Amino acid sequence: MPRLSKTNPRAVALKILIRWEKGKPLLDEVLSQVLTKSVLPDERDRALVSELVNGVVRHLYYLDFILARFSEHPLEKMDPEVRNILRLGAYQLLYTRIPERVAIAESLKILSARRRGAWIRGLVNAVLHKVLENKDNLPEPPDFNEVYYLSVKYSFPEWLVKRWLQRFGREETEALLRASNERSPLVIRVNTLRVSRDSLLVYLQKDEVPTAKPCPYSPSGIVLEGFRGKISELKPYHFGWISVQDSASQLVGFLLNPKPGAKVLDACAGVGGKTTHMAELMQDKGTIWAFDLYEWRLEKLKENFQRLGLKLPKVFVGDVVEKLKELQPPFFDYILIDAPCTGTGVIRKHPDVKWARTEEDFLRVPERQLRLLEGLAPFLKKGGIMVYATCSLEPEENEQIIERFLQSHPEFMLEDPAKVLSKTCPEKVKELCVENKYLRTFPHKHGLDGFFAVRLRKV
Ligand SMILES: C[S@@+](CC[C@H](N)C(=O)[O-])C[C@H]1O[C@@H](n2cnc3c(N)ncnc32)[C@H](O)[C@@H]1O
């Protein structure tokens, strides 16, 4: 019989948290590796693992603050198994509707199965009961230090809170921290080559997701409010009618808006979220060259093209700047640079991002981004369009990079995103366009992932 660590969702979550805490690998990757090896055939158990792991990572500092108040033993001196079982227990008690006795009993069951002694079980039992007894009157972090207070209350590293406070001020920073801790709704993009958004909406509302509603910004977007199921269990997913893509990310495709028959370069294609959108916008006519550093991502990209019934693009593994020098490609009509970035705009989806970043990233990452802009600019046709996008909120990766690029490239000019987007998207999209130059979305202002994008024309 498989061991508890493979069959019990809380034990699987514990294993993931211990592994994540040790080396801070990408949480999604550890989650999928451990889930693949686990024996959890029920989809609800797998969803519980994901909910517990993401929840603990999202509220890490606050959970530790609360636990430290109720434990006589310093958390940092506990072994990782005990520390993380306490975090898991406290998360269930404070943030979920799991019955309290189940949350505590299951924590103790795991410790027993792992042959932890009576002393450890007693400690965990006592601390979790104290959390439960004080649930309606939990201690607050001291507020004489604004940075420390916000950092603990919303579980963000102090350096990032300080950075946002300097830029946005107290009220807006608090709104951003709060919004970044919320779970984002699931948004899908309709493959309009197969089905119209209106008819798919009718189908979903009637049959599979009664709460489905049109996205107010993207003409192809449907928001599956409150949907907690697995997307691959929806029939339209199997028919190739939909892809999962946040509304802000969909707008990047509409900003480039490649025409049918065009030659397009997707420099950082990943698993093809935007590549497939471009193919749909081009009515599957034309040529797309898709690059990424990782083969496994491009394999997924191909699967996505196949599922959506789209013609496969030309796919290349490796550094796009170096590869293009070897390949001597044609000049492109359109280039998309969906640049690697710090990801501070998508913390609500990837809570580990806040713990993985350091201040040095804001020196290192922009240089990679500028290298991509500089390296790809020569491959764009005169009159062609290049869109640069990130899911970061930080000016160093966004406005400042574009200014630096434009200073040494007078042959490029910025186009007003509002003018381009209003041709295909609802009027409301203009709210997201600023200074006639930038498309900028924020979780706390628009309820969207934080994205930045510009449209550059080579003149
Ligand atoms: C923001 S993600 C792209 C997401 C993707 N466009 C989508 O919509 O699904 C950035 C991607 O760029 C890739 N990347 C980073 N540097 C690169 C380079 N020099 N050449 C090619 N790909 C690169 C990364 O592997 C990563 O998959």
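Tutor: Leaving aside neighbours within four places in sequence, Cys391 is in contact with Cys341, Gly343, Thr344, Gly345, Val346, Gly450 and Phe451. The model is a predicted one, in which local features need pLDDT of at least 70, side-chain atom pairs count only at pLDDT 80 or more, and totals for chains, interfaces and linings use all residues. Residues are numbered from 1 along each chain as its sequence is written, and side-chain values use heavy atoms, with hydrogens and water left out.

Student: What makes Phe451 a contact of Cys391?

Tutor: Contact means heavy atoms within 4.5 Å. Phe451 is listed among the residues in contact with Cys391, so the pair meets that limit.

Student: Where does Cys391 lie, and which feature does UniProt place there?

Tutor: Cys391 lies in the loop between strand 9 (380–390) and helix 19 (399–408); helices (H or I, at least four residues) and strands (E, at least two) are DSSP runs, numbered from the N terminus. The UniProt record, an unreviewed entry, places "active site" at Cys391. UniProt positions follow the numbering used here, feature names are shortened, and annotations may be inferred rather than shown by experiment.

Student: How many salt bridges does the rule find across the interface of domain 1 and domain 2?

Tutor: The rule finds zero there. The domain assignment gives domain 1 as 4–137 and domain 2 as 147–180, with bounds from an automatic or database assignment.

Student: What is the area buried between domain 1 and domain 2?

Tutor: About 470 Å² is buried between domain 1 and domain 2, of which carbon and sulfur atoms give 61%. Buried area is the accessible area (1.4 Å probe) that two parts lose on being put together, summed over both. Tyr61, Tyr62 and Phe65 supply 78% of the area that domain 1 buries against domain 2.

Student: Which residues take part in the contact?

Tutor: Six residues come from domain 1 and eight residues from domain 2. Helix 5 (residues 60–70) gives the largest share of the side of domain 1 that touches domain 2, four residues.

Conventions
A salt bridge is a side-chain nitrogen of Lys or Arg within 4 Å of a carboxyl oxygen of Asp or Glu.
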